[in-house]
Amino acid sequence: MNMSRIVRSTANILFPFILVFGFYIIVHGHLTPGGGFQGGAVAATGFVLLLVAFSPDIIRDKFSFNSMKYTEALGLLLFIITAFVAIALGTTFFFNWLANGGIIFGESVAFGANPGILNSAGTIPLMNVAVGIEVIGAMGLIIMYMLSGIEGGNKE
Amino acid sequence: MKSKEILTAIIIAVLAASLLLPSALMVFGSPQNDGMDSYMIDNGQDIAAVNNIVTGVVFDFRGFDTLGEALVLFTAVLGVTLMFRRMKEDEEYEYE
C-alpha cells in the first residue's frame with residue numbers, strides 16, 4: 001500500500017531535514033530547550049513518515065525489527081553505564097563525573113546569561129544522546145509493530 | 001428550567017470557584033518554599049556546568065527519575081511487542 005507520488009516525494013525530501021533537526025535538539029539539549037526525549041521523538045517522526053508513506057515491504061529491506069530492538073536496548077544500556085561509571089569512580093549514582101573536568105564536555109560555565117558552550121555540562125550530553133537513541137528505537141519499533149498488522153504488513 | 005437544575009448549577013459553580021481560589025491568591029513567581037529551586041538556579045551553572053537548568057535537573061539532580069522514565073518507555077515497547085507478536089501455529093486466543 002504505497003501512498004500517492006506526492007506523499008512519497010515529500011517524505012523523501014523531508015526525511016533528512018527532520019532527522020537533522022532531531023539530532024540538533026538532542027545534541028544541544030544542555031544549551032537550548034529540548035533534550036534526549038524531545039529530540040528523539042522528533043527524529044522518530046522522520047522514520048514514522050517513511051513507514052507511513054511507503055509500502056511496508058520496501059521498508060523491510062531498510063529497517064528490520066531486530067535493528068530497532070538493538071538500537072533501543074543500546075540506548076538504555078549506554079544511559080545506565082554512564083550512571084554506573086560514577087559509582088566505579090567512587091562517587092554516587094548519577095554523579096556528573098565529567099563536569100568541570102577540563103577533558104571532554106569539561107568546560108566550566110560562567111554564572112548568569114551567556115551564549116553557551118557546546119563543550120560543557122559533563123555527562124549530560126552523553127545521557128541526552130543515549131536517551132535520544134533509545135527513544136528513536138522505541139518509537140520506530142512501536143510504529144513498525146502497529147503497521148505489521150495491516151494487509152501485506154511487515155511480518156517479522 | 002427547573003429550580004433544581006439551577007440550584008445544581010450554582011453549587012457546581014461555587015465548588016469550582018472555591019477550588020480555583022488558592023491559585024488566584026498565589027503570587028506568580030514567588031513561592032513560599034523556594035529553598036530547592038533557588039539552590040538549583042544559583043548553583044546549577046557551577047555544579048553541573050549546564051546552561052539549560054531544566055536539563056540539568058532532569059539529567060543530573062534528578063537523574064534517577066529520568067532512569068525510571070527511560071524504563072517506562074522500554075516497558076511500553078515490551079508491552080506493544082507482546083501484544084503484536086506473531087502467534088504460533090497451534091496457539092489460540094484465550095479470553096479470561
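**Close-up views of chains A and B**

**View 1. Polar contacts between chain B and chain A.** In this predicted model, seven residue pairs, both members at pLDDT 80 or more, are in polar contact between chain B and chain A. A polar contact is a pair of N or O atoms within 3.5 Å; within protein, one must be able to donate a hydrogen and the other to accept it, and residues adjacent in sequence count only if both atoms are side-chain atoms. Helix H2 (35-47), helix H3 (53-61) and helix H4 (63-83) of chain B are the elements that give two or more residues to the side of chain B that touches chain A; helices (H or I, at least four residues) are DSSP runs, numbered from the N terminus. With 12 residues, H4(B) gives the most to that side.

**View 2. Extent of the interface of chain B and chain A.** Contact (heavy atoms within 4.5 Å) joins 28 residues of chain B with 41 residues of chain A. About 2900 Å² is buried between the two chains, and carbon and sulfur atoms give 67% of this area. Buried area is the accessible area (1.4 Å probe) that two parts lose on being put together, summed over both.

View 3. A:Ser148 lies in the segment after helix H5 (123-147) of chain A. Because its relative accessible area is 10%, A:Ser148 is classed as buried (under 20%, 1.4 Å probe, protein chains only). A:Ser148 and A:Phe79 are 69 residues apart in sequence and 29 Å apart in space, C-alpha to C-alpha.

**Note on conventions.** Residues are numbered from 1 along each chain as its sequence is written, and chains are lettered from A in the order in which they are written. Local features need pLDDT of at least 70, whereas totals for chains and interfaces use all residues, and side-chain values use heavy atoms, without hydrogens and water.

Note on methods
Buried < 20%, exposed > 50% of the residue type's maximum accessible area, 1.4 Å probe, protein only.
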